[in-house]
Amino acid sequence: MSDVTLTTLLELKQRGEKITMLTCYDATFAATACAAGVEILLIGDSLGMVLQGHDSTLPVTVADMAYHTAAVKRGNKGALILCDLPFMSAATLEQTYQSCTQLMQAGAHMVKLEGGAWLAESVRLLAERGIPACIHLGLTPQSVNVFGGYKVQGRGEQQAQKMLDDALALEQAGAALLLLECVPSELAARISRAVRIPVIGIGAGADTDGQVLVLHDMLGLSLSGRTPKFVRNFMQGQSSIADAISLYSRSVKDQSFPAAEHEFRA
């Protein structure tokens, strides 16, 4: 796979070809995902739950994220590396710069922040300093205590319009990518059509520009024993993890995943 860049992702959107993203936390899985054609490797703060055993992402530190980003970089074979800014690591602009510096120096090509239009100034200033930003909208796990649990976001016209307005404002500020989590499929489709930058979905229906899943979820592994509605177990019927990841990549590309049973409605 030739090196994936922001230009690559924009071209994929313009051609109508789906983009594949998968969480990744180490060198071996990075190499395996690249061999399967996965275009974006996301070092998610989900590592706090699937690797560290916490009940949320909140305990994860910038040092944790930098460690796993460096590991992924060593195994990467051309994918774009995206890294989460963990809880309260971007509370001020100065802290945001310091956190992003650590993550970019560890090997990230782009950082991901959770929030809405209020992040526009940060996005603009990061872009000016050579740091592309992906903004995570919808169900943002770092705000789980505000939401009162892991709930679908964007239901109702007022909520939906606010999310659309946020997406447009963030694009205008210079965001390079959007990620929508647990958003009604109709709203996700509206946002994907309204912005020129790529939109990746997780539990956001089939009409976004690409899809992401947590690696452990798509391999059928769960500490809690609960499987989110938007997850498909790609290990079923496969003889190896490499085959499962390849099937995931193909299924996103041929648009057989996500199917109707993985979507949320308004």
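What share of contacts between residues at least 6 apart in sequence joins residues at least 24 apart? For this protein, 64%. Contact here means heavy atoms within 4.5 Å.

Some ground rules. This is a predicted model: local features need pLDDT of at least 70, side-chain atom pairs count only at pLDDT 80 or more, and totals for chains, interfaces and linings use all residues. Numbering starts from 1 along each chain as its sequence is written, and side-chain values use heavy atoms, with hydrogens and water left out.

Now the overall fold. We have 11 helices and 8 strands. These are DSSP runs numbered from the N terminus: helices are H or I with at least four residues, strands are E with at least two. The radius of gyration is 17 Å, close to the 18 Å from the globule rule for 266 residues, so the protein is as compact as a globular protein of that length. That radius is taken over C-alpha atoms, and the rule is 2.2 Å times the number of residues to the power 0.38. The C-alpha box, along the principal axes, is roughly 50 × 40 × 40 Å. Of the 266 residues, 56% count as buried, meaning under 20% relative accessible area with a 1.4 Å probe, protein chains only.

Next, helix α11. It has 13 residues. First C-alpha to last, α11 reaches 19 Å, close to the 18 Å expected at 1.5 Å a residue; the expected span is 1.5 Å times one less than the number of residues. Its buried residues include A244, L247, Y248 and V252. The buried residues of α11 pack against β1 (19-23), α2 (27-35), β8 (210-213) and α10. After α11 comes Q255, with a positive phi near 65°.

On to the rings. The whole structure holds 3 aromatic pairs. Rings of Phe, Tyr and Trp (its six-membered ring) pair if their centres lie within 6.5 Å; planes under 30 degrees apart are stacked, over 60 edge-to-face, the rest tilted. Take F234 and Y248: centres 5.4 Å apart, planes at 80°, so edge-to-face. This pair links distant parts of the chain, 14 residues apart: F234 is in the loop between α10 (215-218) and α11 (241-253), Y248 in helix α11. F234 and Y248 are buried. Ring pairs join F234, Y248 and F257 into a cluster.

K229 lies over the face of F264, 5.9 Å from the ring centre. The cut-offs: NZ of Lys or CZ of Arg within 6 Å of the ring centre and within 35 degrees of the ring normal.

Terms used:
Buried means under 20% relative accessible area, exposed over 50%, partly exposed in between (1.4 Å probe, protein chains only).
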